[in-house]
Structure formats: C-alpha cells, structure tokens
Amino acid sequence: MRRTYDVPLNILIDLARGTLEEFEEEVVRRASHLRGIFADGVALERVIAAGDPVVYEVRSCTPPEAAGHLAICSSVIHSGRVGLEYHMTKGHYHVNAASGEIYICVRGRGYVLLQDNSGRTEELPLSPGTVSYVPPGWAHRTVNTGDSPLSFIGVYPADAGHDYGTILATGMKRTVMDDGGVPTPVDVSRLGLKQTG
Ligand code: S6P
Ligand code: ZN
C-alpha cells in the first residue's frame, strides 16, 4: 500500500547495508548515465565498454512535495574508479535554494564535495557515524574512496527539487583523485583532462 505520509510512521533502514528497506522509488545509475561527470572521458568510455557497471543506487521515500514534509533517501555508491577519480554521484543544487540537507553515513569511506555559487568549496570526509550538514545553496556530490560500498541516508525538504543542469554545464571545481594510493581532494584542473558527453 502506498504511504501517504499524513500520519506518523516508522521507516526501516537496513543498518548493515545502509539502505532503506521500505521506499517508493529506486534509481540505478550506471557508468553510461554519468557522461560529463568524470574528468577523464576516455577512461569513462573504457569502463562503459567493459560492462557498464552500476555506480550507485538511490532509494527514496516520497512524501508530498510540499512545504513542511521531509524526504528520506538512501544512497549506495559501489567501489570503483574512472581514471584517477573514484565512483561518485552526479551532484546537484536544490532548485529551491532555501533547502539544506543532512547526510548520515552508515558504511564505507568517502567525501561529500560541496560548492556554492559564489565560488566557495568544501570537502567533508565521510565514515560511519558522520552527519554532514549541507547548508541551503550548496551543491553536493558524494565520492566513494574506499574498497567497499559507501552508504548514507539523506534527509531534505520534500519540495527541494533537484537541479542537475547547472553542475553538468559548469562542472564542480573540486574532485578526489588517487594520488599515489591516497584519496586526495584536488582542483579538477589538476587532472588536466577533457570531459565527454
Ligand atoms: C537528494 C540527496 C541524495 C542524492 C543521491 C544521488 O537530495 O542529495 O539522495 O540524490 O545521493 O546523487 P545525485 O546527485 O545523483 O542525485
Ligand atoms: Zn540533495
């Protein structure tokens, strides 16, 4: 039965996996959905040709997209690399710029990369138990730098909306690269590669 979210309710999380057990929507993003996201477009095409792996999966509870309601989602980013970068999400601003978000990391290691439209950037390390606060107006992208899945729960205003176009058009300033075996936040320009897509 579809939940209407007009009465109090519990939603179960599988704490071993870091995923919602009950949800209304699921999105699966493969490498081929992520053209234009990674700095090394040639490396991305190689990954797609080698089997087009699932990079991340998002499960969402979808209360009405109205002021006052809160949306809840779980994200699992599988371990993997594209060139010198690690598997990561598309990244987005919220359409309603007054909407922040919190991420509660359940499993794995990584970073949430943030930037605002005045040029400020921030990288917050993720590990089980970190609660990352995304203020209104900050774009956010999540990167799995470990050898196992990175899982986190997100909570945000249900009427936030998702703007992917701005990040696709402008890119994000910062990424995380494998620098001699150490996941290191760097300016994307440091990679000196062309994106495709
Ligand atoms: C939603 C929240 C997350 C992301 C998910 C995938 O506001 O930030 O649920 O949607 O981690 O990232 P993206 O950038 O593909 O939506
Ligand atoms: Zn968000």
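Predicted model: local features only at pLDDT ≥ 70, side-chain atom pairs only at ≥ 80, totals over all residues.
Local features need pLDDT of at least 70, side-chain atom pairs count only at pLDDT 80 or more, and totals for chains, interfaces and linings use all residues. Residues are numbered from 1 along each chain as its sequence is written, chains are lettered from A and ligands numbered from 1 in the order in which they are written, and side-chain values use heavy atoms, with hydrogens and water left out.

**The sheet**

- An open, antiparallel sheet is formed by 6 strands in the order S3-S4-S5-S14-S9-S12; strands are DSSP runs of E with at least two residues, numbered from the N terminus.
- Strand S3 (25-30) and strand S12 (131-134) are the edge strands, each pairing on one side only; two strands pair if DSSP finds at least two bridges between them.
- Strand S9 (residues 101-107) pairs with S12 over 4 bridges in the antiparallel sense, and Tyr-103 has Ser-132 in S12 as its bridge partner.

**The ligand site**

- Around ligand 1 there are 16 residues, of which Tyr-56, Cys-73, Ser-75, Tyr-103 and Tyr-164 come nearest; a residue counts as near if one of its heavy atoms lies within 4 Å.
- Oxygen atoms of ligand 1 make polar contacts (pairs of N or O atoms within 3.5 Å): one lies 2.5 Å from a side-chain N or O atom of Tyr-56.
- An oxygen atom of ligand 1 is 2.8 Å from a polar backbone atom of Gly-91, and one is 2.9 Å from a polar side-chain atom of His-92.
- Strand S4 (54-61), strand S5 (70-77), S9 and strand S14 (150-157) each give two or more residues to the shell around ligand 1.

Definitions and conventions. Polar contact = N/O pair within 3.5 Å; in protein donor to acceptor, adjacent residues only side chain to side chain.
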